[in-house]
Amino acid sequence: MWSLADGHAQLGEIVSRDASALTFDPRGGVLAVGGFYGVELWDVSDPAAPIMLLHNDIDEVRSLSYSPDGRLLLVGTGSESLPLLDVADPARPTAAAEVTQPGSPTATEFSPDGRYLVTVGPGRTMRLWDASRLTASPAAPTVPLIDVPSDGSTYTAQQLAFSPDGTTLIAGTTGREVLRWALDAGRLSPLPALTGFTSYVNDVAFSGDGTLIAAASSDNFSKVWDAASGTAQLTLPGPSVVSSLAFAPNRSSIVTASGDGITRIWPLPGPALADAGDTIYQNPIGASGTRLLVGAGTRASATIVWDVSDLDHPVASKPLVIGDGMDQTGAVALTADGNRAAVGTTTGGFQVWDTTDLDDPVALGVIRKATSSLTAVLAFDRTGTVLVVSGQSSNDVSLWSLADPSTPRLLSTVIAGNYPAGMALSPEASVLAVASVGGVVELWDIDDPAEPRRTATLDGFESSVQAVAISPDGRTLAAGSTDRSVRLWDMSTPSAPQHLSRIVGPSSRISSLAFDRSGIRLAAGDGGSTVWLWNVADRAAPEQYAALSAYGQRVNDAVFAADGRVVFGGGTARDVRIWRTEPEEVRSRLCGSGGSVVTEAEWAQYLPGVPYRELCSS
């Protein structure tokens, strides 16, 4: 047993011959342990010194369920008969009743108000019982309120959970999905299933406030959904089959148990922000590093601004929903102060929002047509008063004044080369860099945004240029190409940039570039699954700092926050992953978080070929 407080100190240990089912009584003072050899009840009021109260020889225990008042304990076994024990005195339990479930029962659960009991078995069998009648006196045969017979299949519910208000029942199944029902007056009505797994769903749980559903699978992943909408929020990767999970009472974390013998505690919302609903194309961050805007494609219901000032507990804004018959494209821009956002639309336009209050963002001006194709890239100048817009399959780039954000005003339109693919503005907003599919970067003088002038063209790439960034001091321009290289130029004279270096290493096209606040580090998202980090303090000889490959899919945008100590990356996995980039900070957090020391055997399993060394020894 471990504490869920900081440090996760081990509190105590119980040695049992077999433990396939565990559950605390509702008051938390007794732990029921079930397995092949029977049921044990332990007094854990002092978890450092647990005391066995009882061993019962009920064979092949598969599930254990307490009634909400803690008086009854239902024991699921390998037979059709399930003993119901009166454990009001856990040291001297008595047989209270018996419940039957056809086949070999796989899961049982009481409703939170104690009115109902659900039992399930193979072939989709299910029974809903009036729990108040199970121990009625005088004893009488109990008939289930609902009795679903077997359909002859092997489809089985593995585990059950009720929402805290008792209105929703969920089941993890061998059908690789989470089934849901609405419960009303003893009637069950099916709700849309939650999917996305490739193997059995072994366990399910509701958060204590009922707003989240979590499920664990044999495909090594755990997933989290919004309970009301069924929208996926988070995917937790693991190296092994995840057999069970539970929410911390305050919803601060999820605890998972896996087939590799390791119990993991995942902070919520976790190392990733919630599923955005579609591919993420842009996720810009404000200059302070505390606000992140996540732009997802047309299948997403809205755009979200995240307050990431506390990385362990990011907070989402109220959704920014595009109206007037338009859909969002994933193109977004955020002002330096994070108080204004622009969202691109499929009509080639944009919607401006005041995001000063994340709980109440205000829609401001809207332009239905700013470019002749759907909006692909948006960029603000540092003051937030000029917005640059480019399309997906057109050469026009338009500049808009947001001096009055409720009424955007067109300043100018330029024809920029061969299909713009990325844009960046210099810090003083005098230079607009446009990366194009034509394999060049065009530089435009927009000191007067009403009269832009093309001043230079940067080339040397073997294929299209997808990404461009200008350092915070304006001295360095970086451009990335589908030829898998990044080039740096000195911008001391913007009309005549000087080529500095060519960076290679990525195995896929470069999809995004961003400098940290110091201009010393450069991040790139690539078309494979990696975020690349380089130290560019010596611009003539950049050095690779790290290659972060945990995203698993194409990274469309990667940005720095918190003085370069954190990187956010979003892409086709539909979420934004969070990395801390300072090794000593990561080491300190890991070593201070508690948990077991990595053994030599575990090291060989997870780091084959790497010499073993002690971690956290200091």
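Which residue in β3 stands opposite Leu 31?

Modeller: That's Trp 42. Before going further, bear in mind that this is a predicted model, with residues numbered from 1 along each chain as its sequence is written. Local features need pLDDT of at least 70 and side-chain atom pairs count only at pLDDT 80 or more, totals for chains, interfaces and linings use all residues, and side-chain values use heavy atoms, with hydrogens and water left out.

Back to your pair. β2 covers residues 30-35 and runs antiparallel to β3, with six bridges between them; two strands pair here if DSSP finds at least two bridges between them. Strands themselves are DSSP runs of E, at least two residues long, and helices are runs of H or I, at least four long, both numbered from the N terminus. The turn from β2 into β3 is a hairpin through two residues. On to the next partner: β3 is also joined to β4 (residues 51-56), again antiparallel, by five bridges. There Asp 43 faces Ile 51 of β4. As for cover, β3 spans residues 38-43, and five of its six residues are buried, where buried means under 20% relative accessible area, exposed over 50% and partly exposed in between (1.4 Å probe, protein chains only).

Leu 194 has a relative accessible area of 2%, so it counts as buried. Setting aside residues up to four places away in sequence, Leu 194 touches Glu 177, Val 178, Arg 180, Ile 213, Trp 225 and Gly 230; contact means heavy atoms within 4.5 Å. Take Trp 225 from that list: its C-alpha is 8.2 Å from that of Leu 194, across 31 residues of chain.

Further on there's an open sheet of four strands, ordered β24-β25-β26-β27 with antiparallel pairing. β24 (280-282) and β27 (315-316) are its edges, each with a single partner strand, so one side of each has no neighbour in the sheet. β26 (residues 304-307) meets β27 through two antiparallel bridges, and Asp 307 stands opposite Val 315 there.

For a loop residue, look at Ala 429, between β36 (420-425) and β37 (431-436). Ala 429 is buried too, at 15% relative accessible area. Beyond its neighbours within four places in sequence, Ala 429 is in contact with Asp 381 and Ile 446. Ser 485 is 56 residues from Ala 429 in sequence, and their C-alpha atoms are 26 Å apart.

Now zoom out. The chain has three helices and 50 strands, and its C-alpha atoms fill a box of roughly 95 × 60 × 40 Å along the principal axes. Of its 618 residues, 51% count as buried. Among contacts between residues at least 6 apart in sequence, 42% join residues at least 24 apart.

In the model, residues 242-266 are 0% helix and 64% strand, with end C-alpha atoms 13 Å apart. Residues 458-499 come out at 0% helix and 48% strand, with their end C-alpha atoms 9 Å apart.
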